[in-house]
Amino acid sequence: MTIHSISVELLERAVATLRAGHLLALPTETVYGLGADASNPDAVKKIFSLKGRPSSHPVIVHITDVSQLSKWAREVSDDAIKLAHAFWPGPFTLVLKRAAGVSDVVTGGQDTVAVRVPRHPIAQQLLRAFAGGIAAPSANRFGHVSPTLASHVRDEFGDSLLVLDGADCEIGLESTIVSCVDTVPRLLRPGGITLSQLRAVVSSVTDVVSNDAPRAPGMLEKHYSPDTPIRIVSASELSSLVAEYVQHGDRIAVLAMHAAAKARDCVHWIDAGDDAAAYGHSLYANLRYLDKYSAACILVEQVPVGEHWQAVRDRLQRAAAK
Ligand code: TXA
Ligand code: MG
């Protein structure tokens, strides 16, 4: 379900909030963002202090449509334009050379900038009314699980933050990020758009290089993490491990792709199914839910290999990283 619009009164309040240099949370089809006026460095600084995020980590600038790109980026390649036309509005972010005047606060001091046109109707409504770029990372404290519901944002930051409720996010995982700074476009973060979809538009896009370490938070080893430790296990190990924890008298949480063989009081089991899109849509809500169970551990059944699962695997690996 998506909520398609907010009232005129709320829209005016949201625009006034941004113009005054304050923060708000907005829904996108990937995850909720913590937004500020991207052209106001002091406003963008507030994002970093509220999230507890290191200032060297760049944020994504959200714009209404591709016509706004030249305000934020320069030397935009033909490949970048093709990708933008193919995937905007949508769960897709381009990293490009920054235009003159784009603040170091937004880019983390780099000469590049990340830009995205979201398609969530409320994000679109807000961007059009604001008529400027909105800098927004995911609306969670640094390192935590990203929010896919307005209530998740309130759990992170309390009730004083203005949260525009767009219901649950359609994709549920952060956008696919492609860098078009060099001659060959590079996938930096897997997301809702798969590598084959990208290559159908620009055949030369290269896959994520795992030992590549750009100064970017989504690429930190540990990220997207609940407080409860996560262990990724194979389907065949799962039931014996659950039995071991139960024997120890531990509470245990499970994120599986199939139903539990038998229900037990001390086992909190979610069957997230075997459809990649549906699994990804609910992943963060499921992790947040299981995290509240005070379990010794969250056992996650290993998801399949293959590009439809690439973004889910990436987030699970980072959530489980020590
Ligand atoms: O779906 C999304 O992308 C969400 C929604 C709110 O748009 N945003 C999001 O933001 O996930 P955040 O800050 O949690 O992640 C932004 C990612 C970081 O991993 C960072 O690596 C990358 O964008 N990024 C931003 N600027 C960059 C730059 N100049 N070069 C390379 N990566 C950049
Ligand atoms: Mg994030």
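# Close-up views of a predicted model

View 1. Helix 1, residues 8–19, has twelve residues and spans 16 Å from its first C-alpha to its last, close to the 16 Å expected at 1.5 Å a residue. The model shown here and in the views below is predicted. Leu11, Ala14, Val15, Thr17 and Leu18 are the buried residues of helix 1. They lie on the same side of helix 1, because they cover an arc of only 155 degrees around the axis. An α-helix has 3.6 residues a turn, so residues three or four places apart point the same way. The face turned away from the buried side of helix 1 carries Val8, Glu9, Glu12 and Arg19, which are exposed.

**View 2. What helix 1 packs against, and what follows it.** The buried residues of helix 1 pack against strand 1 (24–26) and strand 2 (33–37). Their other partners are helix 6 (121–130), strand 7 (134–135) and strand 8 (162–163). Gly21 follows helix 1 and has a positive phi, near 85 degrees.

View 3. Asn40 caps the N-terminal end of helix 2, with a side-chain oxygen 3.1 Å from the backbone nitrogen of Asp42. Helix 2 covers residues 41–51, and its buried residues are Ala43, Val44, Ile47, Phe48 and Lys51. These sit on the same side of helix 2, because their arc around the axis is only 155 degrees. Asp42 and Ser49 are exposed on the other side of helix 2. The buried residues of helix 2 pack against strand 2, helix 5 (104–107), strand 7 and helix 7 (150–157). Gly52 follows helix 2, and its phi is positive, near 70 degrees.

**View 4. His62, a buried histidine in a strand.** His62 is found in strand 3, residues 60–62. Its relative accessible area is 4%, so His62 counts as buried. A polar atom of the His62 side chain lies 3.4 Å from the backbone oxygen of Ile60. Leaving out residues up to four places away in sequence, His62 touches Arg116, Pro118, Leu127, Gly132, Gly133, Ile134 and Ala136.

**View 5. Glu156, a buried acidic side chain.** Glu156 lies in helix 7. Glu156 is buried, because its relative accessible area is 9% and the cut-off for buried is under 20%. A polar atom of the Glu156 side chain lies 2.7 Å from the backbone nitrogen of Arg141. Residues up to four places away in sequence aside, Glu156 touches Ala139, Asn140, Arg141, His144, Val145 and Arg288.

View 6. Cys169 has a relative accessibility of 1% and counts as buried. Cys180 is buried too, with a relative accessible area of 4%. How many disulfides does the model hold, if cysteine sulfur atoms must lie within 2.5 Å? The count comes to zero.

View 7. Most residues other than glycine have a negative phi, and most peptide bonds are trans. The peptide bond from Trp88 to Pro89 is cis, with omega near -5 degrees. Pro89 lies in the loop between helix 4 (78–87) and strand 5 (92–98). Glu75 has a positive phi, near 50 degrees, although it is not a glycine. Glu75 lies in the loop between strand 4 (73–74) and helix 4. At a relative accessible area of 55%, Glu75 is exposed. Ala131, also a residue other than glycine, has a positive phi near 55 degrees. The loop between helix 6 and strand 7 holds Ala131. Ala131 is exposed, with a relative accessible area of 57%.

View 8. Asp275 is found in the loop between strand 13 (267–271) and helix 10 (276–291). A polar atom of its side chain lies 2.9 Å from the backbone nitrogen of Ala278. Asp275 is partly exposed, with a relative accessible area of 43%. Asp275 and Trp88 are 187 residues apart in sequence and 24 Å apart in space, C-alpha to C-alpha.

**View 9. Where the two domains meet.** The domain assignment gives domain 1 (8–201) and domain 2 (230–319). Their C-alpha centres lie 29 Å apart. Across the boundary, 24 residues of domain 1 are in contact with 14 residues of domain 2.

Terms used
Residues are numbered from 1 along each chain as its sequence is written. Chains are lettered from A and ligands numbered from 1 in the order in which they are written. This is a predicted model: local features need pLDDT of at least 70, side-chain atom pairs count only at pLDDT 80 or more; totals for chains, interfaces and linings use all residues. Side-chain values use heavy atoms; hydrogens and water are left out. Helices (H or I, at least four residues) and strands (E, at least two) are DSSP runs, numbered from the N terminus. The expected span of a helix is 1.5 Å times one less than its number of residues. Buried means under 20% relative accessible area, exposed over 50%, partly exposed in between (1.4 Å probe, protein chains only). The arc is that of the directions from the helix axis to the C-beta atoms. Contact means heavy atoms within 4.5 Å. A disulfide is a pair of cysteine sulfur atoms within 2.5 Å. A polar contact is a pair of N or O atoms within 3.5 Å; within protein, one must be able to donate a hydrogen and the other to accept it, and residues adjacent in sequence count only if both atoms are side-chain atoms. Domain bounds come from an automatic or database domain assignment.
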